[in-house]
Structure formats: C-alpha cells, structure tokens
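Please look through the sequence and the model shown below before reading on. The paragraphs after it take one part at a time.

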Amino acid sequence: MTPPRFLLGVVIVVWGWYTGLAWFAVPLAILLEAAPFLHVRWTFIDAHIQRIWTLCGVLFLSLAAFLALTATFATGSLAVQQFFMWMPVCYTPLVLAQSCSTAGRIDVRLLSLLARRTEERKKPAPTCTVNVAYPFALLALLGTCASNPRSPWFYLLLAVMVGWALWPLSRHRIRWAGFFVLAAFLGYAGQLGLHEAHSVLEGQVLQWFTADGGQRIDAHRTRTAIGSLLQRKSSDRIEIRVASGPGVEGMLLREASYDVYVSVPSNGTDAEQGGWYATGSDFTPEVPDADGMTWTINATSSGAQRVTVALPFQGNILLPVPNGTTQLVHLAVSSLTKNRFGSMRAGNGPNLLTYTAIYDRDGESVSAPSEKDLAVPLSESNVIQRTVKELGLMEQSPHEVMGTLEHFFRDQFQYALTPSGISRAGTTALEDFLGLSRAGHCEYFATATVLLLRAAGVPARYAVGYSVQEYSPWEGWYIVRGRHAHAWAQAYVDGAWRDFDTTPANWNVVEQSNRQGWSQLTDAWDWLAFRLASWQWPEHLTLSVVSTIGGIFLGGITALAWRRYGRKRVVDHNASGQNGADVPGRDSEFYAIERILLRSVPRRHPGESLLTWLTHVQTSGLIPGAESLRAIAMMHYRLRFQSNPLSGLEREALARECKMWIASYGGMEANERDD
C-alpha cells in the first residue's frame, strides 16, 4: 500500500524539526517526494537490495556503539532516547533505493536471513513485496516522540499525521473521523492523567524511601535515630574514591546541611525518629566557565587546597565536597545547582564522575546564619538546657564551647551502631542519649552537638556526607565505603561555617570490626569496574573530542562495510548474463536483442530504465521493428524481477517472440554471434 502523497515528506520534516536534524530531514523529504516526478530510475537486482539492507544494519549497529561510547552527558534513558531519534537515519538508504527503483517496492524475502537461506537451499518462498514508506514514516514518528516535545500542539500535529496516514484505509470516513477525534481527545486526557499519576507516585515513593531509611540523601530532609546513614553504614560497598594527597585522611565530604530539627516523644516502646529539615533550600542553577567543565562556586574567595573525587554517576546526585569549596574543575555535567546551605546537585553526567574540588580550610560563607540556626525544639529544651548548665557553656566563648563539647563527648560517651534500646515513655531519643544511655552512632552525636551549640549562642547546622578514612595502597586512592557515611555539626565561628565533629574517634574501628569476609573479592571487582570506567572516560577528555572519535569510528565502520559489500560492480544489464546464472531471468533471450540494438544505437545512460531506453530507440528511427520491442521487454521484466512471474506458456512465448524478432530484423550476423 502506498502512503498518501506528501505524507512521508511532512512526517520527515516534522521529525527533523523536533529532533534538530532538519539539515538532514528537509533534503531527504524533498528527494522522496520528488522521486515520482523524475524519469530516471535504477534497476536494482536482489543482490543490490541485500547490500543496501546490510548497510542499514551496519549503520544501526554503529549508532548503538557510538551512543554507548559517547553518551557522556546523558543517563541511560537519554541514550535510548537519542537512539530512537537517530534511527530513521540508519534506514534512509533503503527507502531511497525503493523510491528510485523501477519496481517501487521491496521484496521482504531480501530482508530476512531465514528467507535468504531458504533461497540458497533452492526452496523458493512465495513472493511478497511491500512499500517500506509506511514503516519508515512510523519510525520517523517514533523518533519524533522520543524527542519528548511537551506541547499540546505537538500532540495535535501527531494526531493529524496519524489520521492522514489511516484515512485511505477507512470506508465510512465521516463516522471514522468522528471516532478518531474522540480517540485522540481521550488519548490526550489519558496521557495527562498518567503524567499526573506518575508525579504523585514518584513523590510518594520518595517519601517511602526517606521515611524508611533509603539509601539516597534528600537535600530537603533527613532522619536521625534510625535514619538513612545507619542503613548505609551496613554496607561495605565502595561508593567514592578520593585521590591521595595532604590533608585527605580524615576529611569530611559534605552532601547536604539542615537547619530545623523536629522530634516526637517516645510512646514507651520504640524511640521516635527525629528529623532534620532544610528550609528555603531551593536550588538555583550555576553557570560554568568558558570551558564548560569549570564551575566557580564562590568568586569572592580563592581556595588554596584541592582534592580529586571519583564516584559512579546514577542520575541527579548531591556532590560530596569539602567544606569551603570555591571551585569545581573537570566536572563534566550538563547542569549544576546549589542551595543556600552549599549543597550542590549535578545534572546529567558520565557513568564515572571525576572532578577536583578547590576549597578553603578557613571555612565557608555561603549564607549567613538565621534565627533558625539558633532554635532548639521545645521537645528537647529541658535536656539541652540542663546539659548547657552542667557544662557551663553560657559563660564560654564560641571556641571554648567547642572545646568543652569535644571533651564532653569524647570522655563520657561511647560509639555504638545499635543504641541501648532503653526508651522511657514521654522522652525523646536525644533525651535518652544525653541523660541515660550515653551511647549511639554519629547521628546522635551530631544532633546533640548542634542543639547544644545553639543553646550556648553559637549558630549551628546539621551536616551529612562521608568521612575519608581508608587508604588502599594497591589502588593508590582513598576508598570511601557505605559504612563511612557520617553526620557532624557545622558551627558558625569567626564569620564562617566550620565543620565540628564530636563523634568519638574510634567510630571507624568499631564499624570495621563488622566488615564482611568476602569484601576483598568485591573490592577487586569494584576496582576492575573503576579502571574500566576510567579508561572509557579519561577526565581530560572533552565531549567534542569524544564526539570526534565516535564520528571517526562510525565513518570507519561504514567505509569498511561499503568496501566489503560494494566492491563488486553493478552487473551490466547489457552483458550476456554469463556471470550471474543464479539470478532470475539471466537466461532471457531478450539479451540477444539488446546486443543487436547496441550495434546501432547508443548505450543506456547510467540510471536509465530499459523502457525509457527503448522509447529513445524507437524515436531514433534507426532500428526497424522497434515498436514491437516494448511488449517483449515487459515480459522480460516479469521474468527478470519476478514481480509477476511468467507461466510456462508465457515463458515459451517470450523465447518465441525474441527469436522471431531476431529472425526478422537481426539477420544472420546476430545468430552467428549468439552461437
């Protein structure tokens, strides 16, 4: 079935417009739509179509390989999206061959490896030809949808094109048009409903994960008593690597900070989990420098220290960075946003994200403290005020307060991954920690420290991230595992936010005692994956370089494939057919007539069809009896291309007509040459 006139061209132009490939789509659309008006046609034998189909397969595989190697600014889903957007390019040679061929259709047997093998075994399959314009238009529509144009006008345009394509198939067109408009309206309403349901479900799932201690850090809130950090502390998996250098061991890499703490008294059975929240934490975009990979975070301050961090990238993530970060170098991401607490979220990036953070040890001044940085919740007020009075913090300077708290937690508390479990009705988890058990993990120490600092008049915030503790000699990097996830306080002293960690120093030793026995095997596997990812994406390699390499790779594969399959010249239709006896119709007697004609008339031009050439022969008046050749040529076409195979009687008629013409007009010389 042939698509309506101009439908294929419109679909291709729309595809090029929405995918940014208009430079390719517009000339292609013009060529395909102009082909029916051109008198030049090519005769493609089966071998030619098979080679063109093989070329399409090579382009398809090359596209997949190119995206796999160069989709560094995209997640996996974005790479798939780009794959569908570019797929029509791969099959352009096939639709062009059909448009410029004399047959105007493609035999589907030539597109199937199984059918080819059947032909090779001399088991001919029934002829089945198709017009590939419709499948190509469907592929272009799929590529257009993959570009994700979020506009009701696009949906309307899509509905018009689909209706246009289906219009010739309908019988009761008025009734069909009404049903189609109704289906289009319901489809649009349905996709809006699905989009809304997806947003609600995504938000609910995020709530479930953060409520139940999911693995990811939320920049807007976290939990304390049995929170996300405690869940991560049970993992030996390597999550971050930090290049060795001065001051790296013991470094704190912050992901997020929070300013509001909310807790609920226990019901007497389980300690309620306290929650830290970040108010006014909307993220604003940062603008990269001219090279696109350097991001200046604080232009008013220049850092003197630097550290290189490498971590696997799995979508939008919060970057672990040291306090006082002023600039990020070699950060190959499409976008970077930051909130007022200094939390930085990276957009799309490579599978292995490697960057260098330049920072200032004197602290960070991303935002001045507010009243919330001095607030103590009422539920914790009694125990906090009692401890402040016990330690005499109100009479001390900020530096003295920090020293007193450091000694207080170091001398009178113990680190424990699992709290004592003692919980009194009407008390909070923090109250039990400070007044009863005096044992807990880093989230307890950080929360208590922040609230005690605030009660003493020192602005403070709660921070989460990682602590760099473990050095791998055979890797030459510091490795940061899931159990190195950490929480600490940030105190605003001397005009800057400074990290303040009161968790007992032996916390890493306690956690390392729970290390799994097979972790060395998993470490080796993780190191192999890291080295492979490093080889695929060196940090000094820019996107343009990778794109150039990928383009050369794609062009090389295409050139080799064409050299392999296009090396054999197109068989001359004026030849006797001795080098192609396995091709249908090569034993046709019409070739003898063709040789006779060539002695008196010019050869066929490249791309000129046989019927057009015979018309020129007839009008030249050089060959007597040329007017009878057209009917003979039509039977020759049927024998040659098998579009409407000749019966046995018709095959005999072709041979008889050719011999009669030669006997009448060819003379004895032609018969002698045939012998």
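This is a predicted model: local features need pLDDT of at least 70, side-chain atom pairs count only at pLDDT 80 or more; totals for chains, interfaces and linings use all residues.

Residues are numbered from 1 along each chain as its sequence is written, and side-chain values use heavy atoms, with hydrogens and water left out.

Begin with the cores. In soluble globular proteins, nonpolar side chains tend to be buried together. Buried means under 20% relative accessible area, exposed over 50%, and partly exposed in between, with a 1.4 Å probe and protein chains only. A nonpolar core is a set of buried Ala, Val, Leu, Ile, Met, Phe, Trp, Tyr and Cys residues joined through side-chain atoms within 4.5 Å. The largest such core has 46 residues, and those touching the most other members are Ile384, Leu405, Phe409, Phe433, Leu434, Leu453 and Tyr462. Among the elements that give two or more residues to this core are helix H11 (378–391), helix H14 (442–455) and strand E5 (252–258). Here helices (H or I, at least four residues) and strands (E, at least two) are DSSP runs, numbered from the N terminus. H14 supplies the largest share of the core, ten residues.

Leu434 shows what membership looks like. Leaving aside residues up to four places away in sequence, Leu434 touches Val383, Ile384, Thr387, Phe409, Phe413 and Ala448, where contact means heavy atoms within 4.5 Å. There is also a second, separate core of 39 residues, which includes Ala25, Phe83, Ala140 and Leu158.

A polar atom of the Thr144 side chain lies 2.8 Å from the backbone oxygen of Ala140. Thr144 counts as buried because its relative accessible area is 1%.

Now turn to strand E16 (residues 352–359), where eight of the eight residues are buried. Leu352, Thr354, Thr356 and Ile358 cover one side, while Leu353, Tyr355, Ala357 and Tyr359 are on the other. Two strands pair if DSSP finds at least two bridges between them. Strand E10 (residues 305–312) runs antiparallel to E16 and is joined to E16 by eight bridges, with Gln305 opposite Tyr359. Strand E13 (residues 325–329) is also antiparallel to E16, with four bridges, and Gln327 has Ile358 as its bridge partner.

Finally, why is Tyr415 classed as buried? Tyr415 is classed this way because its relative accessibility is 8%. Tyr415 belongs to strand E17 (residues 414–415).

Key. A polar contact is a pair of N or O atoms within 3.5 Å; within protein, one must be able to donate a hydrogen and the other to accept it, and residues adjacent in sequence count only if both atoms are side-chain atoms.
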